[in-house]
Amino acid sequence: MPTKSRMKEHYDCFLTVNDEELLINSSETKGIYPKIIEKIVEQLDICLAIHKRVLVVRFDLSLDEYSGDNHIISTFINRQKQRIERTYKTKHIGHGWAREQEEAKQQHYHVYLIIDGDVIQNPTKLLKQIKAKWFKYGRVWVPKKEFKTDRGCFYYIDKHNYEQERADVIERLSYLAKTRGKGYKDIQAKNYSVSRLKLNFKEQKRHKKEEL
């Protein structure tokens, strides 16, 4: 039996965050946890304030064996971020993951990374490296762009497409906040994790200037 979360649930396709009405992946029958979406939006906007443009990459990681805690995914994401920082000479990488378990006996994770779009414009090489490193734990699933309407596994946000692309990213990432599939874990383990990037004074000042 899953452990019942104490977080507030929300059942509607729109959610207001910081006085902004956002379209999300939810409905009257498919609930989400607003707190998770609020954290996702916060970290996305911080990355957009730090970098002139960003690359958002979505993929899933499944485990071959069940684990009650999240040590494997936490360590893996931290190491991947460190490798990206060294390889591409960048920093301030946002991330998030959501732990879920439905029909399979072991959990899987929905994951995203938010990276400086000046250093990576296409994630093909990055995903190849992630697949090679995760191979000993399980499988990597990457959304494919099979039809014109498909968005594939990544989004590239810059000043030319900011409003629409940001909205699309938030709707896509809101899937990580769904209530279904969560709670199958040790009591002390988390259902999700989000990066903790913060803006320094200089970045806050620049961000406010750009909003005016």
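Select Tyr137 first: in this predicted model, Tyr137 is partly exposed, with a relative accessible area of 23%. Trp134 itself is buried, at a relative accessible area of 0%.

Now display Phe76, which is buried with a relative accessible area of 6%. The structure contains four aromatic pairs. In one of them, Phe76 and Tyr137 have ring centres 6.5 Å apart and planes at 85°; because planes over 60 degrees apart count as edge-to-face, this pair is edge-to-face. Colouring by secondary structure shows that the pair joins distant parts of the chain: Phe76 belongs to helix H2 (residues 71-88), whereas Tyr137 sits in the loop between helix H3 (124-134) and strand E6 (138-141), 61 residues apart. Select Phe76, Trp134 and Tyr137 together to view the cluster that ring pairs form from them.

Proceed to the largest nonpolar core, which has 31 residues; select Leu44 and Val56, the members that touch the most others. Elements that each supply at least two residues of this core include strand E3 (54-63), strand E5 (108-116) and helix H4 (162-173). Helix H1 contributes the most, with nine residues.

Which residues are in contact with Leu44, leaving aside its neighbours within four places in sequence? They are Val56, Ile114, Ile157, Arg166, Val169 and Ile170.

Notes:
Residues numbered from 1 in each chain as written. Predicted model: local features only at pLDDT ≥ 70, side-chain atom pairs only at ≥ 80, totals over all residues. Heavy atoms only, no water. Phe/Tyr/Trp six-rings, centres within 6.5 Å; stacked < 30°, edge-to-face > 60°. Helix = DSSP H or I, 4+ residues; strand = E, 2+ residues; numbered from the N terminus. Buried < 20%, exposed > 50% of the residue type's maximum accessible area, 1.4 Å probe, protein only. Core = buried A, V, L, I, M, F, W, Y, C linked by side-chain atoms within 4.5 Å. Contact = heavy atoms within 4.5 Å.
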